[in-house]
Amino acid sequence: MAELRREPVTRMWVVVTTDHPKGPSDYLPFKPPYRPQEPEGPCPFCPGNEGMTPREIFSLKGEKEGWSVRVIPNKFPFFHIEGDFDRRPEGMYDVMEAIGAHEIVVENPAHQTTLATMEPKQIKKILLAYKERLIDLERDRRFRQFLIMKNYPGIFNRHPHSHILAMPVVPKRIDEEIWGASDYFQRKERCIFCDIIKEEISMKKRVILETVHFLIFSPFASRYPFETWIIPKVHASDFHHIGEEEMEDLSVGIQSLFHSFETLLSDPPYSLTFHTSPIQDRLHRLHYHWHIETRLRIGLREGFEWGTGFFVNPTPPEEAAHYLRGVG
Ligand SMILES: [Zn+2]
Ligand SMILES: [Zn+2]
Ligand SMILES: [Zn+2]
């Protein structure tokens, strides 16, 4: 049996198979290990090799010496900072220059660390680096949308790092969320994400962890096995307005979640992204609610998803939350 579940914000349908739900052991083992090993050659993100990277944009001091988090421009950016948009048609098609910022956050001086093994206080420093960079980038009026993302393992370098992007357009995925949230707000005068939070806290069955300021849960229409959202419990549209205490609380939540992933699924590959409100349009402040989405790159059925736009998830979110709660 399978259920078609509708994601309430974007209204996308997801097929959740409920008959023989896949548990963690059905996805094991992964090969090869993703955890970063000793680097084979000189790693540009390791301390001592700073000269191998473009000039640093931002850094936080280490406890004794050197740096603890470092931000540099991406050598191979999706977006480049100089130039004009030069919007133009190409026949019936639209083209513009990819103006934006693409920065790399080196998350830790130690090469062989992961979010699962880092101390929460180090994760807090990473969050602070994101926040400071976004505050700075917000001053550039050309940018409309920020995206923070991380792939694990990293594609070009396994040294723990993440990406900050500032883009001149709002990506489709976020645009769909904004559209859904704004439609809901017009009808109910309430934030749909705040309503989801209330619902999930009262139902409990998809909650993985509730901290003072954040809810970590498996969304009702999870597209991927063990898909997880981390969301502030009090309405907030922009990640970079996060306070000190919230950052501390969030870093504990992130460490705990990734530790659970690692324990349960033996070091799975994953992606995570921060969805935060577009920056120039203050209208979204009432109905958009920032959050982090995490997705394990396991059990994909790319062909069907690619062909139909439907996602098929063989691990119902209730089961996923049950497993993840168990190891937390
Ligand atoms: Zn390194
Ligand atoms: Zn809200
Ligand atoms: Zn989202």
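**Zinc site and salt bridges**

Biologist: Why does glutamate 176 count as partly exposed?

Modeller: In this predicted model, glutamate 176 has a relative accessibility of 29%. Buried would need a value under 20% and exposed one over 50%, so glutamate 176 counts as partly exposed.

Biologist: What makes lysine 172 exposed?

Modeller: Its relative accessible area is 63%. The cut-off for exposed is over 50%, therefore lysine 172 belongs in that class.

Biologist: How do you know that lysine 172 forms a salt bridge with glutamate 176?

Modeller: The closest N and O atoms of the two residues are 3.0 Å apart. The limit is within 4 Å, so the pair qualifies. Both residues lie in helix H2 (residues 172-188), 4 residues apart, which means a separation of about one helical turn.

Biologist: Are arginine 223 and glutamate 293 buried or exposed?

Modeller: Arginine 223 has a relative accessible area of 9%, and glutamate 293 has 6% relative accessibility. Buried means under 20%, so arginine 223 is buried, and so is glutamate 293.

Biologist: Which residues are joined into one network by salt bridges that share partners?

Modeller: The network consists of Glu3, Arg5, Glu200, Arg206 and Glu318. Within it, arginine 5 pairs with glutamate 3, with closest N and O atoms 2.9 Å apart. Arginine 5 is buried at 6% relative accessible area, whereas glutamate 3 is partly exposed at 36%. The structure holds 29 salt bridges.

Biologist: What coordinates the zinc ion (ligand 1)?

Modeller: Its donors are the SG atoms of Cys43 and Cys46 and the ND1 atoms of His111 and His159, at 2.0 to 2.3 Å. Donors must lie within 2.8 Å of this metal, so these atoms qualify. The spacing of the donor residues in sequence is C-x2-C-x64-H-x47-H. Cysteine 46, in the loop between strand E2 (13-17) and strand E3 (58-61), and histidine 159, in the loop between strand E8 (145-152) and strand E9 (161-167), are 113 residues apart. Both cysteine 46 and histidine 159 are buried.

Biologist: Why is the site of the zinc ion (ligand 1) called tetrahedral?

Modeller: The angles among its 4 donor atoms are 102 to 114 degrees. Four donors count as tetrahedral if all angles lie between 85 and 135 degrees, so the site is tetrahedral.

Definitions and conventions:
Residues numbered from 1 in each chain as written. Chains lettered and ligands numbered in written order. Predicted model: local features only at pLDDT ≥ 70, side-chain atom pairs only at ≥ 80, totals over all residues. Heavy atoms only, no water. Donors = N, O, S within 2.8 Å, 3.2 Å for Na, K, Ca; no water. Tetrahedral: all angles 85-135°; square planar, octahedral: opposite > 155°, others 65-115°. Helix = DSSP H or I, 4+ residues; strand = E, 2+ residues; numbered from the N terminus. Buried < 20%, exposed > 50% of the residue type's maximum accessible area, 1.4 Å probe, protein only. Salt bridge = Lys/Arg side-chain N within 4 Å of Asp/Glu carboxyl O.
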